[in-house]
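Here is a briefing on strand pairing and helix packing in one model. Keep the structure open while reading.

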Amino acid sequence: MSTRRTFLRLLGGGVVLAAGSAGAFLATRTPAKALAPWDAAGGYEEPRMRALSYAILAPNPHNRQPWEADLREPGKIAIWRDKSRDLPETDPYDRQLTIGMGCFLELLAVAAGETGHAVSFDLFPQGEEGPVAVATFVEGGAGDPLFAHVMDRRSCKEPFEARAVPAEAASALASLAEVIMEAERVAALRKLTWDAWMVEVMTPRTFRESVELMRMGKAEIEANPDGIDLGGPFFESLQLVGMMTREGQMDQTSQEFAIGVDIYREMLAATQAYAVVTTAGNSRADQIAAGRRWLRLNLATTGLGLALHPVSQSLQEFPEMAPHYEAAHALLAKPGETVQMLGRLGYGPETPRTPRWPLETRLRDA
Ligand SMILES: Cc1cc2nc3c(=O)[nH]c(=O)nc-3n(C[C@H](O)[C@H](O)[C@H](O)COP(=O)(O)O)c2cc1C
């Protein structure tokens, strides 16, 4: 039985049910407001707003949603990255945040196809200080078959089934990512992802960055629909019994820290395959291109019934991670290449949607 279920049973059989109407209380804990942007997607007439309403559903590091859109020029969108949402400890060169912006741009283009628009991107037209891209919408775009999977796409942060990924699925994805399924390499990656995760968690300043972004329970998630959302009955139960606090998370000797470590150990081990995106260079344009590929990969895997979960710790560029960064590159890249994304690939459980800020809050000078 999984750690998560063991604890649920433990709590369900004891503390939580003893608290009386806790079960009924837990059933009301869906953060409906934080999930509303998923239902609002597509509900706009103006083609750029319509495409943006899907683009804000893109995967992005720690769900920071750093994107901002300026619609003042007709037919164009200037897309900025809000640097107040940076992750200086775990992403000191903004590489992962830039990949997330690439995911956003690709989803924007895929969605624009639905209204018959093609989108071209002028990347970093004013360098690092200006917008990430200026998107130009023109008539004559075609629908993209991957659009069908936009609403079901997830990053699945759960243990995967022991089933292997079929060879046909791997070849269907080959133009987007390298799929690794050989037992020896998979075993090496299981170890690498676990070792690297432990470095991030045991290094106080990098783990604090995550802990500060944890949204614990419905009220915090609704107030800040971004970051690491710890909602749903499992986490709400832990919160009810005082086992889900920022202080407890930061205390490496606490029981709640140990629970988190157990959940991650079990999840990272339950992996039969990995998907890898590498680039020959590591310019901002390369990072955007990697994000665009990752988004397409995430939609394509969804279409194949496969779950995908980025596991980025070994690719992070802070000093303590350097040995694992090197190991990841030795395992996954040719000399000179950069590994931009590493993800677990397999069969996972159905996963809930994650929170988003409403589109209207992501517009510049509106
Ligand atoms: C560049 C990048 C790196 C990411 N790294 C991780 C990671 O290391 N661990 C993880 O659990 N999720 C990672 N994610 C997934 C995000 O947490 C996820 O996209 C976000 O929470 C929104 O959830 P969703 O993709 O299910 O909509 C990453 C996503 C991107 C784009």
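An open sheet of 4 strands has antiparallel pairing and the order 5-8-10-9. Strands pair if DSSP finds at least two bridges between them. This is a predicted model: local features need pLDDT of at least 70, side-chain atom pairs count only at pLDDT 80 or more, and totals for chains, interfaces and linings use all residues. Residues are numbered from 1 along each chain as its sequence is written.

**Sheet**
- Strand 5 (178-180) and strand 9 (307-310) are the edge strands, each pairing on one side only.
- Neighbouring strands of this sheet are turned by 30° against each other on average, direction ignored.
- Strand 8 (residues 273-279) and strand 10 (residues 338-346) run antiparallel, joined by 7 bridges.
- Y274 stands opposite R344 in strand 10.
- Strands (E, at least two residues) and helices (H or I, at least four) are DSSP runs, numbered from the N terminus.

**Helix on sheet**
- Helix 14 lies across strand 8, strand 9 and strand 10, and runs at about 155° to strand 8.
- Axes are lines fitted to C-alpha atoms, for helices over the stretch in contact; angles run from 0 to 180 degrees between N-to-C directions.

**Helix on helix**
- The axes of helix 6 (residues 95-112) and helix 14 (residues 284-303) come within 7 Å and cross at roughly 55°.
- Helix 6 is therefore oblique to helix 14; angles under 35 degrees count as roughly parallel, over 145 as roughly antiparallel, 65 to 115 as roughly perpendicular and the rest as oblique.
- Contacts (C-beta atoms, placed from the backbone, within 7 Å) include R95, M101 and L105 in helix 6, and R284, W294 and L295 in helix 14.

Terms used. Two residues are in contact if their C-beta atoms, placed from the backbone, lie within 7 Å.
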